[in-house]
Every structure is written in structure tokens, then in C-alpha cells.
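Let's take a friendly walk through this model, starting with its backbone and then turning to its domains.

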Amino acid sequence: MSKKTIAVLTSGGDAPGMNAAIRAVARTGLTSGMRVLGIRQGYNGLLEGDLFEMDLRSVSDIIHRGGTMLYTARSPKFNSPEGVRQAAEMARKMGIDGIVVIGGDGSFRGARDLTSEGIPCVGIPGTIDNDIASSEYTIGFDTAMNTAIDMVDRLRDTMESHSRCSVVEVMGRRCGDLALQTGIAVGATTILVPEVPFDLDKDVVERMRFTKKTGKKHFIIVVAEGVGGVDRLAKDIEARTGIETRATVLGHVQRGGSPTRRDRVVASEMGYRAVTLLAEGKQNRVVVMRDGKITDLDITEALAMERTFNKKLYEIALKISI
Ligand code: ADP
């Protein structure tokens with residue numbers, strides 16, 4: 001039997017720890033006797049045949065780096081039945097027997113479509129938003145959270161000195177996990193997330209007034225990107241409370257930086273498992289974390305799952321940050 005050839009790509013938004021996952025995929029494949037190809041710029045690179053042969057040293061000195069050595073892209077061309085067919089043809093031409101796709105739900109839809117076109121794919125969840133329903137954890141989340149915490153801690157120093165209020169937008173378009181965890185960790189007076197509707201007077205202004213009466217002089221309001229409108233919010237808060245209020249959007253700094261221990265370790269475990277699945281002839285699977293353990297699920301089933309927001313943790317946050 002000829003040597004199995006696998007390929008790896010990163011797709012959608014980048015996340016710290018993707019490099020550690022690429023490294024694990026390449027090394028597991030190579031040490032299991034496979035040929036390993038790196039595909040540049042996500043599905044675009046597959047369509048264009050932009051790939052290269054990897055050896056053990058191709059992934060040296062990347063475990064501690066943010067971003068992705070394979071670059072990433074959103075590929076509108078791939079996102080059509082014709083695009084998927086063309087990509088599958090290219091994969092066949094390159095002798096690819098399986099692909100590891102590191103990305104979010106959008107990338108997994110592509111992986112599912114490619115699998116149905118005859119190219120076995122396995123997904124690894126990589127996104128700082130932690131917005132993948134099938135997995136409790138996504139690579140990059142811990143790093144992004146720690147970056148956000150560090151930035152808000154810095155803001156806090158200056159807010160404290162001037163007795164101000166800081167409205168901070170953290171990433172998370174559909175998912176408030178980053179806001180929730182960051183909010184708890186920085187002791188935010190209020191956390192606004194897309195999953196929980198809010199009333200400005202009751203949930204923000206009243207809480208600030210109450211806390212002020214107990215002696216608090218500076219305030220942090222953490223807002224998820226999906227809620228948005230932080231400039232307006234800051235103006236409204238200032239108008240209603242008389243407390244000088246500033247808005248800060250943390251933005252893409254949260255996407256970069258050296259991955260934390262957690263992201264490096266989870267990425268390594270997930271990369272190893274993805275290649276093991278392909279070696280066993282499995283396909284259309286996504287590697288996930290469930291009950292704290294690394295396991296895998298059918299991609300189609302995984303994509304049909306609905307995310308649940310940790311309401312209990314949200315309630316705890318509101319109870320203690322007062
Ligand atoms: P993420 O993977 O982070 O969710 P996107 O949603 O932008 O990011 O998806 C990344 C890429 O995956 C898209 O640019 C596209 O090429 C591919 N993709 C997304 N949705 C689909 C789909 N329904 N079918 C096929 N490919 C898709």
C-alpha cells in the first residue's frame with residue numbers, strides 16, 4: 001500500500017494556538033509514516049494548489065507563536081458547490097487522502113462538504129470566541145481571555161485614579177463567553193452579552209448607583225462585540241450617572257500573542273487525535289472537548305448542535321461584582 005498523504009489548513013479567523021495544532025498534526029503524521037502537506041491560506045490555497053511538503057523541521061519554533069504559519073483566509077469561491085468540487089479535484093490531483101481543517105463552524109461546513117465530495121476531512125476547533133456548540137473549548141480562547149484581562153487591568157488603574165467608568169468591548173459576535181469570563185476575572189460591575197437581553201437603567205445604571213452608594217468610585221462594564229454600541233453606551237451612562245465614562249474597543253489585539261499553556265496543550269492533544277482519526281480511516285469527524293476530555297463527533301451532528309450559555313456563571317458574576 002502506498003504511503004498515506006494528509007494535508008493541514010487553517011481557515012476563518014486566526015487564533016493563538018493554531019500553530020501548536022499544525023505542529024502536532026505534522027509531527028504525528030510524519031512519525032506515523034505519513035506524507036504531510038501544508039496548505040496555505042485556507043480553502044483558497046487548496047483551490048489554487050498552494051501547498052508544500054512538510055518535514056519534522058517545518059514546524060520548528062512555532063509552538064510559542066500566535067497567528068498561523070499556514071496563513072488563513074475566508075474563501076467565497078470555495079463556498080459554493082462548484083468551488084467544493086474544484087477543491088476536491090485539486091486534492092485528488094495532489095494525492096491527498098485526508099485533510100485536517102483547523103477553524104470554526106464555517107470551516108467545518110466546508111470540511112463536511114469536501115468529505116461528501118470524497119476527500120475525508122477532520123476538523124479541529126480553533127477560534128478565540130469559544131462559539132462552537134459541540135466543543136466546550138476552542139483553541140485560542142484562553143489566550144484571548146488572558147489578553148483581555150491584562151488590557152482591562154491596565155484600564156482599571158487609570159479609571160481608578162480618575163474615578164471614571166470604563167465601557168470595554170471584547171470580541172465575541174454571537175457568543176458572550178469571552179465577555180463573561182473576562183468580566184468575572186476583572187470584577188466588572190456589569191457584563192453585557194448577546195445571549196442575555198438588558199435594560200440600560202435597570203441592569204447598568206441602577207447597579208452603578210447602588211455600588212456607588214456603598215463607596216465604589218470607579219466602574220468597569222464589559223460588553224461583548226455582538227452587543228456593540230459602546231460609544232453610545234458610554235455617553236448614555238455618563239448622562240444618567242454623571243460619572244465620566246470612556247469607551248474602549250479592545251479589537252484585534254485579542255487575536256494575537258503567544259498562546260497560553262492551556263492553548264498549547266489542548267492544540268497538541270487535538271492535533272494528535274485528528275491525525276489518529278484519519279490514520280484509522282475515519283472521516284467527517286470533529287475533535288472536541290466534552291466534560292473536560294478530548295473526544296470526537298460526527299461533523300454533521302456537531303454542526304446541528306446549539307450552544308448553551310452558562311447562565312449560572314453569569315448569575316454568579318452579577319451577584320459578586322456589586
Ligand atoms: P469560521 O471557520 O471561523 O467559522 P467562516 O465562517 O468565515 O469562519 O468560514 C471560513 C471558510 O469556510 C469560508 O470562507 C468558506 O470558504 C468556508 N465555508 C463557510 N461556510 C461554508 C459552507 N456552508 N459550505 C462550504 N464552505 C463553507
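Glutamine 41 is partly exposed, at 36% relative accessibility (buried means under 20% relative accessible area, exposed over 50%, partly exposed in between, with a 1.4 Å probe and protein chains only). This is a predicted model, in which local features need pLDDT of at least 70 and side-chain atom pairs count only at pLDDT 80 or more, while totals for chains, interfaces and linings use all residues. Residues are numbered from 1 along each chain as its sequence is written, and side-chain values use heavy atoms, leaving out hydrogens and water.

Glutamine 41 has a positive phi, near 60 degrees, and sits in the loop between strand E2 (35–39) and helix H2 (42–48). Helices (H or I, at least four residues) and strands (E, at least two) are DSSP runs, numbered from the N terminus. Serine 163 has a positive phi as well, near 50 degrees; its loop lies between helix H5 (141–162) and strand E6 (165–170). Serine 163 is partly exposed, at 32%. Most residues other than glycine have a negative phi.

## Where the domains meet

An automatic or database assignment divides the protein chain into domain 1 (5–140 + 259–304) and domain 2 (144–255). Their contact (heavy atoms within 4.5 Å) takes 11 residues from domain 1 and 11 residues from domain 2.

How many salt bridges does the rule find across the interface of domain 1 and domain 2? There are two, counting a side-chain nitrogen of Lys or Arg within 4 Å of a carboxyl oxygen of Asp or Glu. Arginine 255 also forms a salt bridge with aspartate 14, with the closest N and O atoms 2.8 Å apart.
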